[in-house]
Amino acid sequence: MRIDIITIFPGMFAPLEQSILKRAAEKKLLEIKLWDLRDFTQDKHRKVDDTAYGGGKGMVFRCEPVFNAVSRAKNENPCGKVIITSPQGSLFTQEAAKKFSREQGLIIICGHYEGIDERVFSIVDYEVSIGDYVLTGGELPAMVITDCVARLIPGVLPKEASVDDSFNGCLLDWPCYTKPEVFNGLRVPEILLSGNHKKIAEWRCKQAEERTRKKRPDLYKKYLKEKS
Ligand code: ADE
């Protein structure tokens, strides 16, 4: 998959060059291209924003650089669905990540300032928020979206590794343990040492239900409804 990211802070995206995403790029499963929005301005100050019509304190992203940047990105990523990050967008969930991972490409515009000229939305497919809080800009949301989507691209993770993720279905993950058997007096549950795979699977299922009920009653309610 190809993901183009349009931003005024291309220097913020170093985390995408590490770890699993780095390997995905090496395996040619993922190509990320950063576009500096200021490269699409015409004036000598490389101004991407301006004051709001009608007045008000905040600055607004101008149409021209955004339209030009998306157009250039589309030349190289013609099937890319255009996403804009904004706290007003629809909530980014695992379901949304799965849907985006089935696209051939994505073009993510990192929103900023008080707002974006409303006409930009005429070239946007999805307005996406990563949660009900306000960040200083769309760079972190763009990284969150990219990371979640990338790990779902076939071949990026080992086979089936994402199948039991929390949020697949409605249950959180069950608890897991590794060596040693006892640490600071804390023991690994006996059942996991039993070698009885049927019993272990039942225990894990029960644990996943129990921790979902405790930690996320909202998800548990959904789980019970889907189960019945
Ligand atoms: N920009 C600022 N806050 C945001 C959020 N929560 N999600 C997406 N974009 C944002």
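1. Let me begin with Ile-145. Beyond its neighbours within four places in sequence, Ile-145 is in contact (heavy atoms within 4.5 Å) with Ile-83, Thr-85, Phe-92, Phe-100, Ile-108, Val-128 and Ile-130. A separate core, the second, has 19 residues, among them Trp-35, Ala-73, Val-120 and Val-124. A nonpolar core here is a set of buried Ala, Val, Leu, Ile, Met, Phe, Trp, Tyr and Cys residues joined through side-chain atoms within 4.5 Å.

2. On the basis of these notes: this is a predicted model, where local features need pLDDT of at least 70 and side-chain atom pairs count only at pLDDT 80 or more, while totals for chains, interfaces and linings use all residues. Residues are numbered from 1 along each chain as its sequence is written, and side-chain values use heavy atoms, leaving out hydrogens and water.

3. The largest nonpolar core has 26 residues, and Ile-5, Phe-92, Phe-100 and Ile-145 have the most contacts inside it. At least two residues of this core come from each of S1, H1, helix H3 (94-101), strand S6 (105-109) and helix H4 (139-150). H4 gives the largest share, five residues. Helices (H or I, at least four residues) and strands (E, at least two) are DSSP runs, numbered from the N terminus.

4. Which residues of H3 are buried? They are Gln-94, Ala-96, Ala-97, Phe-100 and Ser-101. Viewed down the axis of H3, the buried residues fall within an arc of 155° (taken from the directions from the helix axis to the C-beta atoms), so they line one face of the helix. They pack against strand S5 (81-91), S6, strand S8 (126-129) and H4. Buried means under 20% relative accessible area, exposed over 50%, and partly exposed in between (1.4 Å probe, protein chains only).

5. The structure holds 15 salt bridges (a side-chain nitrogen of Lys or Arg within 4 Å of a carboxyl oxygen of Asp or Glu). In one of them, Glu-31 meets Arg-2 at 3.4 Å, N to O. Glu-31 lies in strand S2 (residues 31-36) and Arg-2 in strand S1, so this pair ties together parts 29 residues apart in sequence. Glu-31 is partly exposed at 44% relative accessible area, whereas Arg-2 is buried at 12%.

6. Lastly, Pro-175 sits in the loop between H4 and strand S9 (182-183). Pro-175 is buried, at 12% relative accessible area, and touches Trp-203, Gln-207 and Arg-211, not counting residues up to four places away in sequence.
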